[in-house]
Amino acid sequence: MTMSLLLDIVLRTSLHDVVSQSGRMLGRLLLASTWVTIAYAGLCRPEMQNAVKVRLSIKTALGDKAYTWDTSEEFLFKAIMAFIMRKYSSQQTTETSNVLLCNETDRVSFWFVITNSSTNATTIPRSDVETAIRQNRRRINSAFLLDDNTLQFLEIPSTLAPPLEQPVPVWLIVFGVVICITVAGIVFLLISGIQKCKGYTKKPEETEVLEEKCESAITVENGIPCDTLDLKAGQVNGVYAAADDERFTPL
């Protein structure tokens with residue numbers, strides 16, 4: 001009877017110790033969880049240096065096809081932020097748990113920070129987050145079916161399309177145009193000069209032909225043949241010679 005009593009007492013004492021130790025461990029875990037929650041809440045605040053504000057205009061972008069922003073969409077956002085940070089730096093092992101959201105509003109706007117995966121007590125610098133967002137802006141927009149105007153990372157300029165590279169330098173195009181105009185002007189002057197020279201050579205020939213025609217042409221006036229005047233050697237006009245003839249002298 002005494003042995004059974006002793007065993008009962010020992011068992012009860014051991015059980016009590018186990019329960020008390022379990023309670024202490026559970027309390028410590030709850031305390032640690034509460035501390036982490038409070039610490040995380042302290043990291044994500046609008047006034048924090050590395051916090052970034054996001055504004056989404058889903059209704060404006062999609063109209064009747066707009067989707068509802070819920071916890072699933074928040075998880076997608078966290079996953080994308082973790083992805084771009086891993087893409088930005090191979091040393092980062094960012095998880096969705098490292099992306100903290102706060103100050104959420106019904107109009108779908110919120111602030112977020114990304115904690116350092118190695119410590120979870122500090123946040124990644126805002127400059128690194130901005131660079132990662134700029135490098136992957138199209139993939140972020142496509143994930144939510146939005147664009148730079150309807151998915152805004154405030155105070156982060158929109159990504160501009162890279163300028164188109166001209167296959168030929170502009171100065172070379174201008175130089176080619178000037179050279180073409182110059183060559184065309186020179187060719188025009190040469191052709192016009194040649195045509196003028198040809199015109200000058202043709203004029204004496206035309207004069208000679210005209211003189212020959214004048215020599216061969218005979219005009220008739222009042223029934224009297226009149227020879228044209230020889231422009232080179234001179235010629236007696238038949239009209240005056242005929243006037244001396246007595247046949248044509250009036251009575």
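## Disulfide and cysteines

In this predicted model, a search that covers the whole structure finds one disulfide. The bond is formed by Cys44 and Cys102, whose sulfur atoms lie 2.2 Å apart, within the 2.5 Å that a disulfide requires. The torsion about the S-S bond of Cys44 and Cys102 is about -80°, and the disulfide is therefore left-handed.

The pair links distant parts of the chain, since Cys44 belongs to the loop between helix 1 (2–43) and strand 1 (52–56), whereas Cys102 is in strand 2 (residues 99–105), 58 residues apart. Cys44 and Cys102 are both buried. Cys180, by contrast, has a relative accessible area of 53% and is exposed, because the threshold for that class is over 50%.

## Packing of helix 3 and helix 5

Helix 3 (residues 71–88) packs with helix 5 (residues 137–144) at an angle of about 165°, and the axes of the two helices are 11 Å apart. Since angles over 145 degrees count as roughly antiparallel, helix 3 and helix 5 are assigned to that class relative to each other. The crossing of helix 3 and helix 5 is right-handed.

On the side of helix 3, the contact is made by Glu73, Leu76, Phe77, Ile80, Met81, Phe83 and Ile84, and on the side of helix 5 by Arg139, Ile140, Ala143 and Phe144. Sorted by class, the residues in the contact of helix 3 with helix 5 comprise nine nonpolar and two charged, with no polar residue.

## Chain architecture

The secondary structure of the chain comprises seven helices and six strands, and these elements follow one another from the N terminus in the order α-β-α-α-β-β-α-α-β-α-β-β-α. The chain has 251 residues, of which 22% are buried. When contacts in the chain between residues at least 6 apart in sequence are considered, 53% of them join residues that are at least 24 apart.

## The position of Thr115

Thr115 is placed in the loop between strand 3 (109–114) and helix 4 (126–135). With a relative accessible area of 0%, Thr115 is buried, because that class takes in values under 20%. Thr115 and Ser97 are 18 residues apart along the chain, and their C-alpha atoms are separated by 8.6 Å.

Technical notes. Residues are numbered from 1 along each chain as its sequence is written. This is a predicted model: local features need pLDDT of at least 70, side-chain atom pairs count only at pLDDT 80 or more; totals for chains, interfaces and linings use all residues. Side-chain values use heavy atoms; hydrogens and water are left out. Helices (H or I, at least four residues) and strands (E, at least two) are DSSP runs, numbered from the N terminus. Buried means under 20% relative accessible area, exposed over 50%, partly exposed in between (1.4 Å probe, protein chains only). Axes are lines fitted to C-alpha atoms, for helices over the stretch in contact, and angles run from 0 to 180 degrees between N-to-C directions. Angles under 35 degrees count as roughly parallel, over 145 as roughly antiparallel, 65 to 115 as roughly perpendicular and the rest as oblique. A crossing is left-handed if the near helix is turned anticlockwise from the far one by less than a right angle, and right-handed if clockwise. Contact means heavy atoms within 4.5 Å. Ala, Val, Leu, Ile, Met, Phe, Trp, Tyr, Cys and Pro count as nonpolar, Asp, Glu, Lys and Arg as charged, and the others, Gly among them, as polar.
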